Amino acid sequence: MSDAETPDDYDVTDDSPAATGDDEFEPVQVFPESEDMDLRPGSDDCYKCSTCDTNCPVAEVDDDFPGPKFQGPEQWRLKRKDDHDIDDSVMKCSNCMRCDSACPSEVPLSQMHNTARGSFVENQMDKLSPEYIRNRILSNYRTSAWLASKVPRLSNFMMNFGPARWVMEKTLGVTAERDFPEFAEQTFREWWVERGGAQVENPDKRVAYFHGCYSNYNTPEVGKAMVEVFEEFGYEVMVPDQGCSGTPMFANGMLDDARRHAETNVENLVAAIGEGADVIASCTSCSLSLRQEYPELFDIHGIEDVSEHTYEALEYLRIHEDLEGELDGSEVDFPDLAYHAPCHARNQGLDGQAIEVVDRIDGVEAEDVGDSCSGISGTYGWKAEKYDLSMEIGEEMFEHMEDAEGDVGMTECPTCAMQMGHGTGYEIRHPLEVLEAALVSEDTSSA
Amino acid sequence: MAIEDDVLVIGGGVAAVASALAARETGARVRLIAHKQSTLRQASGLIDVLGYHPEGADDESRTAPISDPFGALDAVPEGHPYERVGEEAVRGGLDLFDDAVGDAYAGGHTDRNALVPTHGGTVKPTARYPAGAAAGLASDERDAFLVGFDAVTGFDADVAADHLRAAGVPFDVRGATLRFPGDLRDDAKLTRYAHLLDQNDEIEVDGQSRPAREALAERVKAHLGGHERVGFPAILGDAEPAGVRADLADSLGADVFEVPMGPPSLPGMRLSDMLFEALEDAGVHVETGNPVVDVEADGDRVDRVIAEHTATRVPYRAEQYVLATGGLVGKGIRSDRERVYEPIFDLPIPQPEDRYDWFEEGAFDDHPFARFGVPVDRETRPLDADDEPAYENLRAAGAVVGGYDFAAEKSGSGVSLATGYAAGTGAGERA
């Protein structure tokens with residue numbers, strides 16, 4: 001988490017010349033006390049080394065994008081005087097948050113970008129413009145998905161129906177190049193109710209599953225795998241009511257929308273934590289959002305509690321179970337995999353774990369395709385004007401996937417999965433599905 | 001439960017990599033956990049062992065560069081990391097380094113320091129240097145031509161040439177500032193130049209489209225005169241630096257070299273990438289992105305350390321630990337207005353009580369803060385207030401270790417490699 005939340009409060013009262021009678025100059029006195037959520041300490045910490053700029057996947061392909069250093073500390077300083085608007089280039093930032101881990105000086109870059117983008121959208125964007133409406137629709141994917149899931153077959157047809165997509169591109173700027181993800185005929189939550197909820201009861205080992213929108217509406221098999229694997233380890237799985245994690249909303253500067261969902265999520269997750277559960281996510285953008293962006297951007301009762309109790313699914317098992325021991329000697333018939341670590345897994349320091357875990361299983365090879373960004377960044381690659389950039393960023397990943405042995409992809413992030421499939425034609429799986437095959441399915445020799 | 005290994009290395013720079021590789025060579029199962037990207041990405045990429053005599057030597061010898069760093073090791077004061085680990089560890093660390101980088105680096109053929117011109121026009125005594133800097137050595141007597149670009153800040157070719165002449169280099173050196181061909185924005189990222197040259201993309205020059213390397217060579221040629229070697233700021237490719245240099249040399253009919261630059265530094269990034277590849281090849285588990293923030297001890301043994309995965313606290317267990325988190329810049333050592341401290345284990349760091357005694361008046365004086373760090377025993381174990389090892393299974397390596405001033409001595413990478421080698425070997429053998 002960033003420095004911005006815990007600014008150094010120099011208490012000048014005790015040592016001040018007035019208090020001590022000593023009038024020697026103390027440089028610290030020129031600074032007033034910091035206030036909460038003051039981004040100044042972060043801005044002051046930037047010593048313009050530009051390392052963030054060399055890590056920005058957007059700046060790498062777009063010479064006109066001024067890069068994270070400008071979007072963050074420099075723009076923040078410009079904004080101290082009210083005669084400067086936020087530069088519209090902030091909308092080109094894809095919220096991959098790579099600049100955060102590049103910074104040697106703990107500048108809260110992504111937090112600065114999120115606040116700048118929020119302010120840009122609120123104060124400078126025309127609310128009637130097709131761009132605003134498009135961004136609003138894209139970032140509120142949960143609402144569209146909820147509607148679509150009521151009539152999944154019709155939606156699947158309509159969403160990829162050529163003339164309809166042509167209209168969407170022309171009027172709203174949603175690229176017609178991409179195939180919309182299929183909506184599942186039965187959502188994860190519908191499946192959960194149908195099976196009668198948790199099959200394991202265990203007051204000592206409980207997890208609350210934050211499934212997010214995508215594994216609910218599009219890939220319920222990921223949610224099912226999560227439940228089966230955790231039940232195999234004796235966990236009681238809870239599935240609290242929940243909204244969107246907010247990630248697409250932060251990336252589009254829709255902070256009010258994000259806050260509304262965050263309030264629902266925090267309230268329900270805090271209740272689950274109160275019942276002894278830790279929060280588990282299977283999408284790394286969801287876990288990053290609950291852990292990092294929530295407390296950076298909002299002040300909601302219980303938000304720190306949620307942040308401190310949230311984990312990514314594999315991470316949680318590695319910490320609390322002898323996952324390696326369980327997997328050693330397990331054998332599974334699974335295709336070889338080309339693994340891409342999502343930026344938001346990288347940001348949580350989780351980029352190496354999927355390979356490390358899968359390596360313990362006999363019968364499946366997983367190969368890391370390197371540290372490039374997939375380029376889609378959630379809603380980013382869905383925008384007609386950003387589509388080409390998005391594919392250019394993804395180029396390196398596509399090439400490395402083609403070079404890898406496996407012809408099936410693996411990643412934790414739903415939109416990275418879309419991009420991987422779009423660029424290579426590969427089917428994409430989630431690490432939890434591999435674990436399920438190794439630990440739960442009947443056809444494994446470990447059973 | 002916790003995530004378990006034989007040896008856990010905390011840090012991501014040269015010292016951490018050397019520790020992990022050395023521990024791995026003993027057969028131990030090793031994990032390296034680093035908070036952020038390594039500060040290596042801002043370093044020059046030069047591997048210095050000892051360029052100038054440390055504090056304690058008489059003033060006159062301190063201003064003359066050392067030609068044989070190994071011969072000078074005996075003269076370091078007590079408590080200096082080289083005195084702690086000895087020459088064998090220095091050589092062991094350099095061997096590890098040479099194996100990891102292969103022919104991307106030069107200098108391993110001799111014990112003597114090479115003299116590499118820097119972007120400021122000084123000459124730096126160093127033990128290993130990137131192959132790209134090889135044709136630029138100051139001991140080479142061929143005349144040199146330095147090329148700067150008006151949009152690439154941090155390297156003024158004319159100033160650098162003036163400084164080198166003033167430093168008395170045994171050759172003629174001239175500089176010129178040109179415009180990089182093509183139409184890049186004035187504050188383009190350094191990596192943009194590098195990628196352009198890597199990919200040899202077509203660029204527009206005077207209405208004509210031609211490959212980037214060729215266009216650049218054409219522009220330089222007009223100024224070349226009879227110079228036999230040409231130096232550029234270190235932007236000549238990221239993935240393909242050797243190919244970029246070879247093509248330029250071919251077109252120019254002169255040797256081509258890179259002058260190491262300040263941050264963001266391509267030689268530093270290339271080195272960082274090579275070292276992390278070496279870790280992967282060696283089978284070290286690498287995790288970056290999360291800081292280690294705390295320790296749980298069992299008597300005088302470290303039982304586990306706690307990493308902060310954003311806001312959640314995650315335990316990591318190992319038999320042996322190596323602390324290689326860096327110094328004040330890398331944030332392995334921190335300071336506030338009251339004290340200088342080591343944030344994970346809270347190891348003692350000797351320091352003057354009054355913070356106004358942490359530094360001297362002049363910028364280039366002997367500052368006490370430059371030597372801040374944890375004191376270690378001869379096995380690189382950090383010492384507690386009673387000069388006893390703070391934990392029997394904790395070692396320290398690199399800039400977190402005190403007792404030396406790497407900026408004045410030009411010994412940063414050498415100390416990292418030597419202490420990393422000693423700490424990693426010791427940890428691996430006892431794991």
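**Figure 1. Open four-stranded sheet of chain A in the predicted model.** Four strands of chain A, in the order β6-β5-β7-β8, make up an open sheet with parallel pairing. The model shown here and in the other views is predicted. At the edges of the sheet lie β6 (366-368) and β8 (427-429) of chain A, each of which pairs on one side only. From one strand to the next, the twist averages 35°.

**Figure 2. Pairing of β7 with β8, and the helix on the sheet.** Three bridges join strand β7 (residues 408-410) of chain A to β8(A) in the parallel sense. Opposite A:V408 stands A:E427, a residue of β8(A). Helix α24 (residues 414-424) of chain A packs on the sheet and touches β5 (337-339), β7 and β8 of chain A. The direction of helix α24 makes about 155° with that of β8(A).

Figure 3. Over all chains, the structure holds zero disulfides. For A:C49, which is in no disulfide, the nearest cysteine sulfur belongs to A:C103 and is 6.4 Å away. A:C49 has a relative accessibility of 9% and therefore counts as buried. A:C283 is likewise in no disulfide. The cysteine sulfur nearest to A:C283 is that of A:C286, 3.6 Å away, whereas a disulfide requires sulfur atoms within 2.5 Å. A:C283 counts as buried because its relative accessibility is 11%, the limit being under 20%.

**Figure 4. Packing of helices α16 and α17 in chain A.** Helix α16 (residues 255-274) and helix α17 (residues 284-297) of chain A pack at an angle of about 115°. Their axes are 11 Å apart, and the crossing of α16(A) and α17(A) is left-handed. On the side of α16(A), the contact is made by A:L255, A:A262, A:N265, A:V266 and A:L269. A:L290, A:Y294 and A:L297 contribute from α17(A). By residue class, the contact of α16(A) with α17(A) has seven nonpolar residues, one polar and no charged.

**Figure 5. Surroundings of B:D98 in chain B.** B:D98 is part of helix α4 (residues 81-101) of chain B. With a relative accessible area of 24%, B:D98 is partly exposed. Leaving aside residues up to four places away in sequence, B:D98 touches B:G108 and B:R128. B:A72 is 26 residues apart from B:D98 in sequence, and the two are 21 Å apart in space, C-alpha to C-alpha.

Notes:
Residues are numbered from 1 along each chain as its sequence is written. Chains are lettered from A and ligands numbered from 1 in the order in which they are written. This is a predicted model: local features need pLDDT of at least 70, side-chain atom pairs count only at pLDDT 80 or more; totals for chains, interfaces and linings use all residues. Side-chain values use heavy atoms; hydrogens and water are left out. Two strands pair if DSSP finds at least two bridges between them. Helices (H or I, at least four residues) and strands (E, at least two) are DSSP runs, numbered from the N terminus. Axes are lines fitted to C-alpha atoms, for helices over the stretch in contact, and angles run from 0 to 180 degrees between N-to-C directions. Contact means heavy atoms within 4.5 Å. Buried means under 20% relative accessible area, exposed over 50%, partly exposed in between (1.4 Å probe, protein chains only). A crossing is left-handed if the near helix is turned anticlockwise from the far one by less than a right angle, and right-handed if clockwise. Ala, Val, Leu, Ile, Met, Phe, Trp, Tyr, Cys and Pro count as nonpolar, Asp, Glu, Lys and Arg as charged, and the others, Gly among them, as polar.
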